[in-house]
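Subject: Handover of a structure and the findings on it

Dear colleague,

Please find below the structure that I am handing over to you. My findings follow directly after it.

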Amino acid sequence: MTGSSKAQPKPAHQTEALAVRTGADIPGRPAAPAEIADPGNLMARRDRVRVRPYGDTWDDGAVQISFTLPVAAGPAGQEAARQLVAKMGFDDVKVVAQQDLGGGFAMFVVYGKTEETVDLSLIEVPRPRFDVLEFDRLNEYVRDRIGRKLVVVGACTGTDAHTIGLDAIMNIKGYAGHHGLESYPEIEAHNLGSQVANEALVARAMDLEADALLVSQVVTEKDIHIPNLTQLVEMLEAEGYRDEIVLICGGPRISHELAVELGFDAGFGPGTLPPEVASFIAQEVVRRGLA
Amino acid sequence: MSLQIEVDQKQVQRARQAAGRITREIQDYIDRHTTDTIERTVARFFGIDGTDGEGVPLPNIVVDNIHRSGQLGRGAALLIGRAMAYHDLDAQEVAEAVSRGAVDLGKVPARFEDEGREIAAKLAAEATATATARRREREAWLKRCPSGPPPLLYVIVATGNIYEDVIQAQSAARQGADIVAVIRTTGQSLLDYVPYGVVGGGFGGTYATQEHFRIMRRALDEVSAETGRYIRLVNYCSGLCMPEIAAMGALERLDMMLNDAMYGVLFRDINMRRTFVDQFLSRVVNAYAGVIINTGEDNYMTTSDPVQHGHTVLASQFINEAFAGRAGLQPWQIGLGHVFCMDPALPDGLLYDLAQAALTRAVFPDCTLKYMPQTRYKTGDIFASYAIDVLHNLTSVTTGQNITLLGMLTEAIHTPYLQDRYLAVANARYVLRAAGHLGSELVVRPDGRIAARARQVLDGAVAMLDQVDKAGLIAALEQGLFAGIRRRRDAGKGGEGVVERRPDYFNPILDRMLAENRVAVNGGDPE
């Protein structure tokens, strides 16, 4: 048989009675057994209502899990891990590795299959609404619609000293080939750096008559960023300044939904590019008549 | 033997001379000033510990009292000793009396000053004897339980709860980690006091307290005895309490301290004069206690571009080395930090990293090099992260680094889980086993990419040090020459804690330690 091992028939319970292609149209290959499903064909017909993980057999629900138990490695530990994953609702649970960590702990790597599905049509992810304007168009937009430079103040606040995200958006160098806000002729960008107290940030923003405040929060262990971001919103409200500005937060664990919930206008997660932030600020300033 | 790289010794010499001049100017300033935390360090060495009813540490109560009297420039040693003589109390009793408002240290008759100096000198002798005893204990441990071949494997624990840290640290040590650092809670560096006792509630780390040092030391000694390998303990001499933490480490046998001459200025916005003055005494104490310091140049690469600014790391290492030497640290005690930091998307990124690591090895042959893992380009993809750490470990072993801080596959997600540390140790041990002699088998082409990159970095460092030498270090920091961060000389936290020494300034701890540090120029390497 010249076919690769991939052409081996799958156990009957893993195959689906979907449309199949026999492979007979591939020159020089023998026809594959008829019950093999062609992933290309399956992809075309994929179900958006019942979505489940895909390992190597369409819709197999395969999931990998790893964790540590306060149990030494051994048959009992292995069985404990298996039962635990079975209780999580997984079928066909296999403990594929266990490693003793000493001191009565062991790590397990486990595979299981889930019957659960999600309905994509019911999923709605809140996102800030704006059109992304690239560098030239953004500058043009600010000149035409606002008629003066936008003042943007950015900082890592509280005890956070990780400026990588802030710098990616603010610094001239920028991120992924997109220069940061400092490089836009129509934006006056002030990067206040790390560990800026909320008081200092509010004072500086009011001093500069900022149009937008950008707050980066990278350290989010034990949700330290939540009280810090909330406090900023409260301070701005107390100063009567909240409605005068576009307030944005960003960071690896920040979502737009969370940001809005905390009283921000937008939240940007990892991978956000400077023109996206600039576009949101400019369009929000125009939309709210802050110019 | 590790991967050898040719360096232009004339350039290295030029850099070292520039660093010597750059630090001399600052040292003149250091030698004319003291700070709140320096004087609290003296109080701690004199045995003053604990807190008042409201949780304020007694060393703070004592030094604040002296500061308010306007006599801090004479040194806490004199004022504490004087009060001990006048009131016939021991140091702790004096501190407690000050906290009750029963004693005002500024108001003790001058006739008790000679006796006060004598008492203080005696307390200093006892304190340094204790620090020496701790150092001898470590040497004995190392004889009994020697370390394996380099690089030593360094892991962190950071649960926020010292008892949880113990579980994590002991597990890591049993799996093969040689060094355990207890990361401090975010923001402790900005506290102008050291918390007391057992304190929970840290985030991203655990409060550094003397009691925590004691608890972790005991836990690691237990595993040292069990495994036959001495497990080293690390904490942070940085922030607003650099010398106090050094004192606590000297008294509790910590083995290493994060201790950079400029880190606080750049990354914590601490006043530069405060940091320069503080780092000096902290390093004098670390030198005396046989502690290996770890500098923080790796942090530069979290804010500036590694390709463009690799030379700033080397330049800063020369400056850190020069400051360290002035405090009496021997080369083996100078753990210079650098980092495996190239963007994984960069073609030949590994070559850049090999070049800088081999260059650092060649330029600082006798220093203890600490090689830090990639963190900048880790996103949460644990699988990619684990692959990156393989190359970090490969570079570390190939270029003869002394310490390798292990990358965590869950970097950028959470502080390490028990299993994350195991996987990191397993990764490192595999690479060390498989590639132990790779560096000594390979020859770097003199006309190749690695050699060219190393020359570029060294030349860049020399040019930068020339520039700093011309401008002065303070002006260079104001211009943002390091890590692209600008700091003004009078701004930053803690500047109000710097006080000019008076002609009769008295600090018997500093005097004793510095005198002995200088004597021990070639001695003391327990390794």
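Is B:F506 buried or exposed? In this predicted model, B:F506 is buried, because 22 other C-beta atoms lie within 10 Å, and the cut-off for a buried residue is 20 or more. The residue sits in the loop between β10 (498-500) and α20 (508-519) of chain B. Apart from neighbours within four places in sequence, B:F506 is in contact with B:R74, B:G75, B:A77, B:L78, B:R117 and B:A120. As for B:G73, 433 residues separate it from B:F506 in sequence, whereas the C-alpha atoms of the two are 8.8 Å apart in space.

I turn next to strand β8 (residues 368-372) of chain B. Five of the five residues of β8(B) are buried, and the strand is thus mostly covered. B:T368, B:K370 and B:M372 point one way from β8(B), while B:L369 and B:Y371 point the other way; all of them are buried.

The strand has a partner in β7 (residues 334-339) of chain B, with which β8(B) pairs in the parallel sense over five bridges. Within this pairing, B:Y371 of β8(B) has B:H338 opposite. Helix α14 (residues 349-363) of chain B, together with β7(B) and β8(B), makes a right-handed β-α-β unit.

A further partner of β8(B) is strand β9 (residues 403-405) of chain B; the two pair in the parallel sense over two bridges. Here the bridge partner of B:K370 is B:I403 in β9(B). These two strands likewise belong to a right-handed β-α-β unit, with helix α15 (residues 382-398) of chain B as its helix.

Helix α16 (residues 418-435) of chain B has 18 residues, and its span from first to last C-alpha is 26 Å, close to the 26 Å expected at 1.5 Å a residue. The buried residues of α16(B) include B:L418, B:Q419, B:D420, B:R421, B:Y422, B:L423, B:A424 and B:V425. Also among them are B:A428, B:V431 and B:L432.

On the domains, the assignment for chain B gives domain 1 (34-125) and domain 2 (145-452). The centres of these two domains of chain B, taken over C-alpha atoms, are separated by 35 Å. In the contact between them, 13 residues of domain 1 of chain B meet 14 residues of domain 2 of chain B. On the side of domain 1 of chain B that touches domain 2 of chain B, the elements giving two or more residues are β1 (33-35) and α2 (36-45) of chain B. The largest share of that side, seven residues, comes from α2(B). By class, that side has three nonpolar, seven polar and three charged residues.

For chain A, the assignment gives domain 1 (34-123) and domain 2 (135-287). The C-alpha centres of these two domains of chain A lie 40 Å apart.

Finally, the contact between the chains takes 23 residues from chain A and 25 residues from chain B. On the side of chain A that touches chain B, two or more residues each come from β1 (62-69), β2 (91-102), β3 (105-113) and α4 (164-170) of chain A. Of these, β2(A) gives the largest share of that side, three residues. The side of chain A that touches chain B has nine nonpolar, 10 polar and four charged residues.

With kind regards

Notes. Residues are numbered from 1 along each chain as its sequence is written. Chains are lettered from A and ligands numbered from 1 in the order in which they are written. This is a predicted model: local features need pLDDT of at least 70, side-chain atom pairs count only at pLDDT 80 or more; totals for chains, interfaces and linings use all residues. Two residues are in contact if their C-beta atoms, placed from the backbone, lie within 7 Å. Helices (H or I, at least four residues) and strands (E, at least two) are DSSP runs, numbered from the N terminus. Ala, Val, Leu, Ile, Met, Phe, Trp, Tyr, Cys and Pro count as nonpolar, Asp, Glu, Lys and Arg as charged, and the others, Gly among them, as polar. The expected span of a helix is 1.5 Å times one less than its number of residues. A residue is buried if 20 or more other C-beta atoms lie within 10 Å of its own, exposed if 12 or fewer, and partly exposed in between; C-beta atoms are placed from the backbone. Two strands pair if DSSP finds at least two bridges between them. A crossover is right-handed if, with the strands pointing away from the viewer, the path from the first strand over the helix to the second runs clockwise. Domain bounds come from an automatic or database domain assignment.
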